[in-house]
Amino acid sequence: MSLIKTPQEIAILKEGGVILSETLRKIRAACVAGSTSEELDQIALDEFKARGATPSFLNYRISPSDPGYPGALCVSINDEVVHGLPVPARVIKDGDIVGLDIGCWYKGLCTDMATTVCVGNVDPRVRALSEATREGLRRGIKAVRAGAPISDIGAAIEDYIAPKGYGIVRDLVGHGVGHKVHEDPQIPNYREPRAPHVIMQTGMVLALEPMVALGTWKIKQLNDGWTIVTADGKPSAHFEVTLAVTDKGSDLITPWPDV
Ligand code: MF3
Ligand code: CO
């Protein structure tokens, strides 16, 4: 299927993106000390059902050998970078940094987004990490424009994040999205000379998603087959939007849930 979406498809993606963003806004508000990951996942399931969307992560497999993903939402706490499982239920505590990643199908097309929540009294260094990751994503978005190389996105993110001494996760990247949860092109969040050279075109729909750690960029996967954690156990942050490439820049498909 073409990586270029039609204006009609982009209109549908935007409808789905609003549902996704409003769902994430609700989940974000419920992500407080004492709430559980499973309760947050249930909000996603209920909201999607009420609005005619279906979860795109539920039963998803990145590779055929993966166990099907067991929820609608990824809840990644502290040293967990992404793909933290919502079940079995875990209690969110004061001081946690929690990544919330969600995707849905709506009228045959899918969108993807994530935010990070600092719960209560979070270490100021960790709060700064989260803010920097959000700003890194904004810088990446500003690099999007038809005619420019995809690698401009990672360069913009790296130029903002690397001088702060944080680790930019290298083994996971942003991606095309829409007809499938993960499509080409891959979008590294750093300069990657080995990545395929792709020029952005009007109508491409991209999920930009920097994952940034307080320490090393190295990650490992837990035995559950999903949860990705930092190799040094330090906290990390993750923000993601889906957008459409335009001649002048980009058109946001998943409005920010928290600004
Ligand atoms: N937003 C996630 C990503 O792009 C999708 C996770 S799929 C899941 O990596 F199955 F892990 F939820
Ligand atoms: Co994604």
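Helices (H or I, at least four residues) and strands (E, at least two) are taken here as DSSP runs and are numbered from the N terminus. The structure is a predicted model, in which local features need pLDDT of at least 70 and side-chain atom pairs count only at pLDDT 80 or more, whereas totals for chains, interfaces and linings use all residues. Residues are numbered from 1 along each chain as its sequence is written, chains are lettered from A and ligands numbered from 1 in the order in which they are written, and side-chain values use heavy atoms, with hydrogens and water left out.

P185 is found in strand β8, which spans residues 183–187, and the bond that joins D184 to P185 is cis, with omega at about -5°. The peptide bond from V87 to P88 is also cis, with omega near -5°, but P88 has its place in the loop between β3 (80–82) and β4 (97–106).

The loop between β3 and β4 also holds H83, a residue other than glycine whose phi is positive, near 65°. Because its relative accessibility is 15%, H83 counts as buried, where buried means under 20% relative accessible area, exposed means over 50% and partly exposed lies in between (1.4 Å probe, protein chains only). A positive phi, of about 50°, is likewise found in K107, which is not a glycine either. K107 lies in the loop between β4 and β5 (109–118) and, with a relative accessibility of 52%, counts as exposed.

H83 is also one of the residues around ligand 1, which are F57, Y60, Y69, C74, H83, D101, D112, H175, H182, E209, W226 and E240; a residue is taken as near a molecule or strand if one of its heavy atoms lies within 4 Å of it. This shell divides into five nonpolar, three polar and four charged residues, with Ala, Val, Leu, Ile, Met, Phe, Trp, Tyr, Cys and Pro counted as nonpolar, Asp, Glu, Lys and Arg as charged, and the others, Gly among them, as polar.

An N or O atom in the side chain of D112 is 2.8 Å from a nitrogen atom of ligand 1, and an N or O atom in the side chain of H182 is 2.9 Å from an oxygen atom of the ligand. For E209, a polar side-chain atom lies 2.9 Å from an oxygen atom of ligand 1. Of the 340 Å² of accessible area that ligand 1 has on its own, the protein covers 96%, accessible areas coming from the Shrake-Rupley method with a 1.4 Å probe and, for residues, with only the protein chains shown counted as cover.

The side chain of E209 also makes a polar contact, at 2.8 Å, with the side chain of H238. H238 lies in strand β13, residues 236–238, and counts as buried because its relative accessibility is 3%.

Helix α1 (residues 7–30) contains L13, which counts as buried at 1% relative accessibility. The C-alpha atoms of L13 and of K107, 94 residues apart along the chain, are separated by 8.4 Å. A11 lies in helix α1 as well, but at 40% relative accessibility A11 counts as partly exposed. From A11 to I253 the separation is 242 residues in sequence and 8.9 Å in space, C-alpha to C-alpha.

Two further pairs of residues are described in the same terms. T36, in the loop between α1 and α2 (37–51), counts as buried at 14% relative accessibility; T36 and I92 are 56 residues apart in sequence, and their C-alpha atoms are 5.8 Å apart in space. V75 has its place in strand β2, residues 73–77, and at 0% relative accessibility V75 counts as buried. Between V75 and A207 the separation is 132 residues in sequence and 18 Å in space, C-alpha to C-alpha.

Technical notes
A polar contact is a pair of N or O atoms within 3.5 Å; within protein, one must be able to donate a hydrogen and the other to accept it, and residues adjacent in sequence count only if both atoms are side-chain atoms.
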